[in-house]
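Good morning, and thank you for the time on the agenda.

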Amino acid sequence: MKRFKTKLTAIVAVCAVCTILLSSCSFFSDEPQALADIEQIKQRGKLIALTDYNSTSYFLYKGTPMGYQHDMLQLLADSLGVKLEMVVCNDIEDAIGKLNRGEVDILAMNLTITRERFNQLQFTLPLSQTKQVLVQRKPENWRRMT
């Protein structure tokens, strides 16, 4: 269990560093950039993380924050010795804008890698993968279709 937590903390730390570096790169946006690095986050005393609100990533249960993204971010904040501040945003473009403006330090969202996002963000190694499938009624002539 301890080895799993160490690996998980390392993965989250790499995610944080990549995202923080991304937030300081001015060529991704015409908007003014706010520079934030690990030392500034430590001095500030909190990691500001943005995630979406859903039943797996981040949610409140009886007033207690829970979810996969929340737990990983909490491990990162603990390893940095800072508090975790969660920001919720379900709009991907708005979330990327908040990161580029320096309103948040890291995005913790399950994002598909599109060409546009690949040019705007740095992605970590996938923590999970899904495939899209089409579910529909069989056409009447399905045996003759090629």
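One term is needed at the outset: a residue is called buried when its relative accessible area is under 20%, and exposed when that area is over 50%. Please also bear in mind that this is a predicted model.

With that term in hand, let us turn to helix α3. The buried residues of α3 are Q69, H70, M72, L73, L76, A77 and L80. Because these residues cover an arc of only 165° around the axis, they lie on the same side of α3. The helix itself has 13 residues, and from its first C-alpha to its last it reaches 19 Å, close to the 18 Å expected at 1.5 Å a residue. Just after α3 comes G81, with a positive phi of about 75°.

What does this helix pack against? There is an open sheet of 3 strands, in the order β4-β1-β5, with parallel pairing. Its edge strands, β4 (83-88) and β5 (106-108), each pair on one side only. On average, neighbouring strands of the sheet are turned by 35° against each other, direction ignored. Helix α3, residues 68-80, packs on this sheet and touches β1, β4 and β5; the direction of α3 makes about 145° with that of β4. Helix α4, residues 92-100, also packs on the sheet, where it touches β1 and β5. The direction of α4 makes about 155° with that of β5.

Within the sheet, β1 (residues 46-51) pairs with β4 in the parallel sense over 6 bridges. In this pairing, L50 stands opposite V87 in β4.

Finally, a word on one loop. Most residues other than glycine have a negative phi. K62, however, has a positive phi of about 55° although it is not a glycine. K62 is found in the loop between β2 (59-61) and β3 (64-66). Is K62 buried or exposed? With a relative accessible area of 74%, K62 is exposed.

Terms used
Residues numbered from 1 in each chain as written. Predicted model: local features only at pLDDT ≥ 70, side-chain atom pairs only at ≥ 80, totals over all residues. Heavy atoms only, no water. Pairing = 2+ DSSP bridges. Helix = DSSP H or I, 4+ residues; strand = E, 2+ residues; numbered from the N terminus. Axes fitted to C-alpha atoms, helices over the stretch in contact; angles between N-to-C directions. Contact = heavy atoms within 4.5 Å. Expected span 1.5 Å × (residues − 1). Buried < 20%, exposed > 50% of the residue type's maximum accessible area, 1.4 Å probe, protein only. Arc of directions from axis to C-beta.
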